[in-house]
Amino acid sequence: MPAIRTAKNRKPPPEGFEDIEDTLLEFQNKLKDAENASHEGKKKHEMLWPVFQITHQRSRYIYDLYYEKEAISKTLYDWLLKNNYADAILIAKWKKQGYEKLCCLRCIQTKETNFNSTCICRVPREQLKEDQEITCVSCGCRGCASND
Amino acid sequence: MESPNKRLKPSPPEQAADSADFVSFDLDDDDNEDQYGYTNSTPPPELSTSQGISNAPSEAPRGPRGSNQRRDPRSDPRHARDMPKSAHPLPGHEPWILVRTKFGRYFMHNKETKESLWRTPPELKDAVRELQQGQALETEKAQNARWAEEQLKVMRGPATGANGTKVAEGRGQREEGRSRRRRSESLQKEDEEALMAEMAAEAERVEEKDAREAVKGVEGLQPKILQATEAGYGSDISYEEVEVTDSEGEDGEDKAARRAAAAVGQDVGAGKEEEEDGPVEFGEDDIAWQLAAMEQDQDQDMDQPDDEDEDPMDYSDEDDVSDQEAALHFRTMLDDHNISPFTPWDNLLNNEDILYDDRHTLLPNTRTRKAVWEEWVKDTAARLKEERAKAEQQDPKIPYLAFLAEKATPKLYWPEFKRKYKKESIMNQRKLSDKDREKLYRDHISRLKLPESTRKADLANLLSSIPLRALNRSTTFDTLPSQLLGHLHFISLPTPVRDPIILKHISTLPPVPAGEDDDEVRDVEGEKKREKQERALAERERKVEEERRKAEKEGRWAKREAKEAEREIRDATLTVGNRGLREQLRSG
């Protein structure tokens, strides 16, 4: 039988976790609120949008701290990814050209759509009609093309 | 010097409103017209009577339509929805007016002959160009000025009261409605700046109390903005003049406007006046319709090159603080507010302390702020990292042991103790595992049960085991070494007993040995050398041993082989056949 891991006997997180702990906790609370929010008057898909949004924000926060600002260590970054504080696959996309602002992975999944195309939110704003407001169904993104 | 309450009249609002409708277009450039299908394709839209152009044609203007009817793309169906929006009289060419349509196209209309032409007749070209150029230039400034003036009045309203404001009410209201709608965000900013500039200028020029009161809020910005006004709003002079010369109320308005325009060498004034006098008037429902049209037109207005060109320019002119300085101020502000470099940008935007800090607004827009912020974060995080690397790591055991010395009693088992103090942060520290905490607690409790003499002896042993470098005569209670503080023997005596012992021990110690650091270094080097030697010795021993074993093994092998050979020889001599015992006996 495997050892039971509780919060107390777990290995401590790497150095520097205390710095970002509060912010991560805030994200966690927001996420919880979003999960428990009422569904009344919302579309079926719409319920999930805030969840996507918050996880995206959190991933972005960690990504920025490590890659842009270089404020956290490699060990901490790896630990965060391992503990699902950030979406590693999404971050992997952000490193690729043209996907720098990608909102979620489903929006580039062409096989799931009728015309084998990406989501509307991937379309650059200049190619849309003027004043065309878009909100994608899968994650509520309003446009995540790299040149927007 | 006029008193400010005489500066009531802004430049005639009609002018501002109408001139705002102008899109810069090149009259000579017929290709342009071609491109948009303006030449001869569809006739100019009907001038409805509701448009207020009294003698507008009731039927479609007679363009040379028949010849071009088959050119379908030109007779774009959406052009059918186009309607005349505003009329601009051409000074000097009386019956002709320039009409702007809902879609931003222009055509010429002759009020008398009721003739409408897309193409400007050559004799009118100059007049049209003049009108267009003058008004396009004036557009932004007049608008800003008017808005600023209105704001000023609002602010000054309570102070000056009755003598202060005599606006053309109805006009003012509807103009406001229109201008509000048209105003983009950047424009609004610009307007505010203009307002501030105006207020500042006024306060300087006119020594009036009310004005001063109004200005008080922005006094700090006065000098800066004054400069800016002179630099950025060159043609504001005209607008100022309009205002100060305007002293006779409603009737003087047109004259003043004309005078002002003449002063700057613009022909707009006459046009404006005629427009006001002329039959071009708008009823209420027209205004409603126009507002609707305006909304559609907003994009076009925003696309006007004037707007885009002016914004950045104004910023650069207005800020006499350079970008670098502003960035520097922004960074010091972040430092002053003790912002953690790990806060997300959004949180910073919600931080009210920062939003109300003056240094926040030194940088013109959020984008530049974010850029500075990111740089700052990078630097600060790097600095923090360095500092932490330099700072000594404190043994996590020390605070826990101090806590134990204070709280632990033999009356509580570990689970009880844990439950009792589970809220304490020290009991939830991640650096020390729960197991370690438990072990320390149990050890400590068991030691507390020992006789005091034993504990005293242990402490004495501990003290004497600490090297002189760490513990010597100059050591005080605050600088006790971590070897001592992090040891169970240190806390197992109550403080009143322990302290005298430690003091006594310290007083017996010699002072810090001289050249302590060198000693240390030499020690380290010596130790290294010794270690190396030891390692070499061990290696050699190992090798020797191996050789010895090898030799032994070989000897054994040789012996065994000899034995084997011997046995073979013996076997060969004593070969026994299978012919039975009798045969053998017979031969033997």
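**Charges and cysteines in a predicted model**

In this predicted model, B:Asp571 belongs to helix H24 of chain B, which covers residues 516–573. With a relative accessible area of 46%, B:Asp571 is partly exposed. Together with B:Glu561, B:Glu564 and B:Glu568, B:Asp571 forms a negative surface patch.

B:Glu545 makes a salt bridge with B:Arg548, and their closest N and O atoms are 2.9 Å apart. The two are three residues apart in helix H24 of chain B, so about one helical turn separates them. Both count as partly exposed, B:Glu545 at 33% relative accessibility and B:Arg548 at 43%. Salt bridges with shared partners link B:Glu545, B:Arg548, B:Glu552 and B:Arg556 into one network.

Helix H19 of chain B, residues 434–448, contains B:Asp434 and B:Arg437, which are three residues apart and therefore separated by about one helical turn. These two form a salt bridge with closest N and O atoms 3.4 Å apart, and both are buried. In helix H19, B:Glu438 and B:Arg442 are four residues apart, again about one helical turn. Their salt bridge has its closest N and O atoms 2.9 Å apart. B:Glu438 is partly exposed at 26% relative accessibility, as is B:Arg442 at 41%. Over all chains, the structure has 20 salt bridges.

A:Cys141 is in no disulfide either, since the nearest cysteine sulfur, in A:Cys103, is 3.6 Å away. A:Cys139 is buried at 8% relative accessible area, and A:Cys141 is buried at 10%.

Technical notes: Residues are numbered from 1 along each chain as its sequence is written. Chains are lettered from A and ligands numbered from 1 in the order in which they are written. This is a predicted model: local features need pLDDT of at least 70, side-chain atom pairs count only at pLDDT 80 or more; totals for chains, interfaces and linings use all residues. Side-chain values use heavy atoms; hydrogens and water are left out. Patches are made of residues with over 30% relative accessible area and no salt bridge: like charges are joined within 9 Å, nonpolar side chains (Val, Leu, Ile, Met, Phe, Trp, Tyr) within 5 Å. Accessible areas come from the Shrake-Rupley method with a 1.4 Å probe; for residues, only the protein chains shown count as cover. A salt bridge is a side-chain nitrogen of Lys or Arg within 4 Å of a carboxyl oxygen of Asp or Glu. Lys and Arg count as positive and Asp and Glu as negative; His and the chain ends are not counted. The place of a charge is taken as NZ of Lys, CZ of Arg, CG of Asp or CD of Glu. Buried means under 20% relative accessible area, exposed over 50%, partly exposed in between (1.4 Å probe, protein chains only). A disulfide is a pair of cysteine sulfur atoms within 2.5 Å.
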